[in-house]
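Subject: Structure handover

Hello,

Here is the structure I promised to pass on. Please open it and keep it beside this email while you read.

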Amino acid sequence: MGMTTEGWIFLILAWGVILSLTAYCFYKVLKGNNS
Amino acid sequence: MANSGEREQWGTRIGLILAVAGNAVGLGNFLRFPVQAAQNGGGAFMIPYFIFFILLGIPLMWIEWGIGRHGGKYKHGSAPGMFDVLWKNKLAKYLGSFGLFISLTILIYYTYIESWTLGFSIFSILGFFSNETVQTMPNFLSSYQGVTESNTFSTIWTAYLLMLLTFSINFYILYRGIAQGIERLAKIAMPLLFLFAIILVIRVVTLGTPDPSLPDNSVENGFAFIWNPDFNQLGNPVIWLAAAGQIFFTLSVGMGTIHAYASYLKPKDDIALSALTTASTNEFAEVILGASIAIPVSVAFFGLDMTKVIAQGGSFNLGFVAMPAIFGSAHLPLGEIFGFLWFLLLFFAGITSSVAMGQPIVAFLEDEFGMDRRKAVLTLAAVVMISVQFVVFFLKYGFLDEMDYWAGTFGLVVFALMETILFMWVFGADKAWKEMNDGGDIKIPRIFYYIMKYITPLILAGIMVWWFVQNALPTLLLKNAAPENVPYIWGARILMLVLFGGIIWLVNKAWNNRKEIF
């Protein structure tokens, strides 16, 4: 079976979106002065 | 009577975010999500999943944080008071009672399940699983639950003692309060949860093919099972409903718990960014970590066909049957330690959620009856400890399942629909929008105004109608119930009615007391 190209695309896209959003949020939170 | 004293507050913002993320990150992130993805189109499942994350998940987070902080301004930490502030109508506080009923009912059975994870983490490190296989584990689990007998457990008392221990830990944390109890727990448990999950993911992805004589049993094929897309399934409405349901469950919305936590914010504290951060943290735990442990390791050890059979048995089988058998396997060096980490991770995921479920009732008793925290927690403990006896001893008769269906599945969507309509339509979309953006460290994109006002309630109504026709009606009419379970199912219903009736009575009493004072 193995991972297909489409499988890798979906995995990378999903991980990329979530990692970017989480990193953005925590960057903004930690930059705030009441953390 | 509203408590005249100052309400508690969160110690730090990061503590609050970790506490709300802890509420959201639960057993479902590590067990339910990978099974749902694999069964509903693999990678293609992520298309409706992300769509509903934007249209349902994030908007509901903002709505609940908004209602919670707004209610906190009026010293209300639970849904009855919050709804009463939003809608000046006698009915409002009784609609809010659903928020107390749902969180209380789920707390009763969820904490019992949570105690199993604590027990299994201890059994792991003690090597109890070394002789177990995927064929023998169902009996190990059911004997632990007191449903059957095995060489390891001949009575239910081990499970009962661990249940008492788990409840005691929960009540102690609740008694310690917001900053000293719940926040401190989140600051310890959440980093450890992520650390354990990352260790397990690294262990899983480096497993490769544990048995070289079976090259198809590999971690890569496990990832393929979850991620290879089946686009044909996208035309099936069931897949879209499954995605909406998963988003709904994973964020722990529709319970009244987020409201309670947000009520301890200051009036100008940010909610726009904090809500988004908790939602994204939950997704990180689910899509990146949750999808990379249980299914890939199961395929690596048992193969794809066996994993499909296990997954069809439900996410519970994956966690409590397949995983212990893997950790006990001679093919996994230091399996006892990885098993310990897995179940302790689930325990942390569980306890950060269960304390959140206890908080609305505690806040209700404190805010509306002026009780001190000790008395409020003791009252909650008494109700929960009486109720859980039925769950423990009638488990095999479907008592827990009945409570889970009405409170933990159908009830959530009903409550979420009510709060969305109340906030966006009765309180008013413009006022709600201002409330959610007030003090915000980010500005919520304007498109979400329209999503929250029109699309989110429509999706919720769609899910509710679908579930009512597909499941609620047959469940209500006992269509698939075994005849021997029927009296117990009715018992569960009576217990829920008693709990709901009690909450309605207390709400009525609290508001009558208030009338006498003012």
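Start with B:Leu126. Is this residue buried or exposed? B:Leu126 is exposed, because its relative accessible area is 56% (buried means under 20%, exposed over 50%, and partly exposed in between, with a 1.4 Å probe and protein chains only).

Before going on, some ground rules. This is a predicted model: local features need pLDDT of at least 70, side-chain atom pairs count only at pLDDT 80 or more, and totals for chains, interfaces and linings use all residues. Residues are numbered from 1 along each chain as its sequence is written, chains are lettered from A and ligands numbered from 1 in the order in which they are written, and side-chain values use heavy atoms, leaving out hydrogens and water.

**The surface patch**

B:Leu126 sits in the loop between α6 (90-125) and α7 (137-144) of chain B. Helices here are DSSP runs (H or I, at least four residues), numbered from the N terminus. B:Leu126 belongs to a nonpolar surface patch with B:Ile122, B:Ile125, B:Phe128, B:Leu334 and B:Ile337. Together they have about 520 Å² of accessible area (Shrake-Rupley method, 1.4 Å probe, only the protein chains shown counting as cover for residues). Patch residues have over 30% relative accessible area and no salt bridge; nonpolar side chains are joined within 5 Å, like charges within 9 Å.

**The salt bridges**

How many salt bridges are there over all chains? The search of the whole structure finds 12 (a side-chain nitrogen of Lys or Arg within 4 Å of a carboxyl oxygen of Asp or Glu).

Take B:Asp441 and B:Arg13. Their side chains meet in a salt bridge at 2.6 Å, N to O. The pair links distant parts of the chain, 428 residues apart. B:Asp441 is in the loop between α19 (429-437) and α20 (447-476), and B:Arg13 is in helix α1 (residues 13-24). B:Asp441 is partly exposed at 35%, whereas B:Arg13 is buried at 6%.

Next, B:Asp438 bridges to B:Lys268, with the closest N and O atoms 3.3 Å apart. B:Asp438 lies in the loop between α19 and α20 and B:Lys268 in the loop between α12 (257-262) and α13 (272-289), so the pair ties together parts 170 residues apart in sequence. B:Asp438 is buried at 16%. B:Lys268 is exposed at 58%.

Last, B:Arg514 and B:Glu368 form a salt bridge, at 2.9 Å between the closest N and O atoms. Both residues are buried. Salt bridges with shared partners also join B:Glu8, B:Glu366 and B:Arg373 into one network.

Best wishes

Definitions and conventions: Helix = DSSP H or I, 4+ residues; strand = E, 2+ residues; numbered from the N terminus.
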